[in-house]
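The sequence and structure come first, and the notes follow by topic.

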Amino acid sequence: MSIEKWNERYRAGEQLFDTPSPLVTRFVGDLVPGVALDLACGPGRNAVYLAERGWRVTAVDGSPIAIAKLRERNVAIDARLADLERGEFQIQPDSCNLICDCYYLQRNLFPQMKMGIRTGGMAIVIVHLARSDEPAGTPTRACPDELRTYFAGWNILHYREGQPDEACHQRAVAELVAVR
């Protein structure tokens with residue numbers, strides 16, 4: 001979906017969730033706060049949750065509407081407007097204790113994400129799965145078991161494919177939590 005389509009959805013009051021992803025709350029709740037990056041953050045539900053728990057958060061999204069809404073919610077978050085698909089944001093090596101990428105699939109970001117996580121740091125990733133009639137996946141949906149392959153060699157704490165744990169998302173997902 002184009003950035004303009006996302007802007008339209010946000011203007012219409014769609015996709016404006018306040019509650020963080022259950023996967024984020026489940027795995028981050030007991031961690032010592034550090035530096036976090038929230039990729040394709042939208043209006044920032046996960047970024048706000050992390051910042052409220054003491055994390056130093058950078059949140060990135062291509063939608064100016066989403067970033068404006070995030071800045072209204074929490075000015076302490078380093079909210080950056082950048083089109084990830086155009087490479088307008090680069091993840092610095094060994095810069096994060098946590099990287100969240102929830103409901104956004106951009107395959108060429110995985111190498112950067114992995115290099116950006118410090119030793120002992122964590123990746124939390126949720127992507128939509130392709131339908132059964134799309135066995136090779138699509139540009140925005142992963143094929144079965146694809147997400148796990150990007151984190152081969154990491155300590156995978158959680159991997160699940162199926163219906164999401166949140167009512168605001170209806171399509172099947174792959175969830176991964178891995179430690180470098």
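In this predicted model, 7 strands form an open sheet with mixed pairing, in the order β3-β2-β1-β4-β5-β7-β6. The edge positions belong to β3 (78-81) and β6 (155-162); each has a single partner strand, so one side of each is left without a neighbour in the sheet. From one strand to the next, the twist averages 10 degrees.

**Strand pairing**
- Strands β5 (residues 117-128) and β7 (residues 173-179) run antiparallel and are joined by 7 bridges.
- Met-122 has Val-179 of β7 opposite to it.

**Helices on the sheet**
- Helix α3 (residues 45-52) packs on the sheet and touches β1 (35-39), β2 (56-61) and β4 (96-102).
- The direction of α3 makes about 170 degrees with that of β2.
- Helix α4 (residues 64-73) lies across β2 and β3, and runs at about 165 degrees to β3.

**Nonpolar cores**
- The largest nonpolar core has 29 residues, of which Leu-39, Val-125, Leu-147 and Phe-151 touch the most other members.
- Two or more residues of this core come from each of β1, β4, α5 (110-116), β5 and β7.
- The most are given by β5, with 4 residues.
- Leaving aside residues up to four places away in sequence, Phe-151 touches Phe-110, Met-113, Lys-114, Ala-123, Val-125, Ile-156, Leu-176 and Ala-178.
- Another core, of 27 residues, lies apart from the largest one; Val-28, Cys-102, Ile-126 and Val-177 are among its members.

Terms used:
Residues are numbered from 1 along each chain as its sequence is written. This is a predicted model: local features need pLDDT of at least 70, side-chain atom pairs count only at pLDDT 80 or more; totals for chains, interfaces and linings use all residues. Side-chain values use heavy atoms; hydrogens and water are left out. Two strands pair if DSSP finds at least two bridges between them. Axes are lines fitted to C-alpha atoms, for helices over the stretch in contact, and angles run from 0 to 180 degrees between N-to-C directions. Contact means heavy atoms within 4.5 Å. A nonpolar core is a set of buried Ala, Val, Leu, Ile, Met, Phe, Trp, Tyr and Cys residues joined through side-chain atoms within 4.5 Å. Buried means under 20% relative accessible area, exposed over 50%, partly exposed in between (1.4 Å probe, protein chains only).
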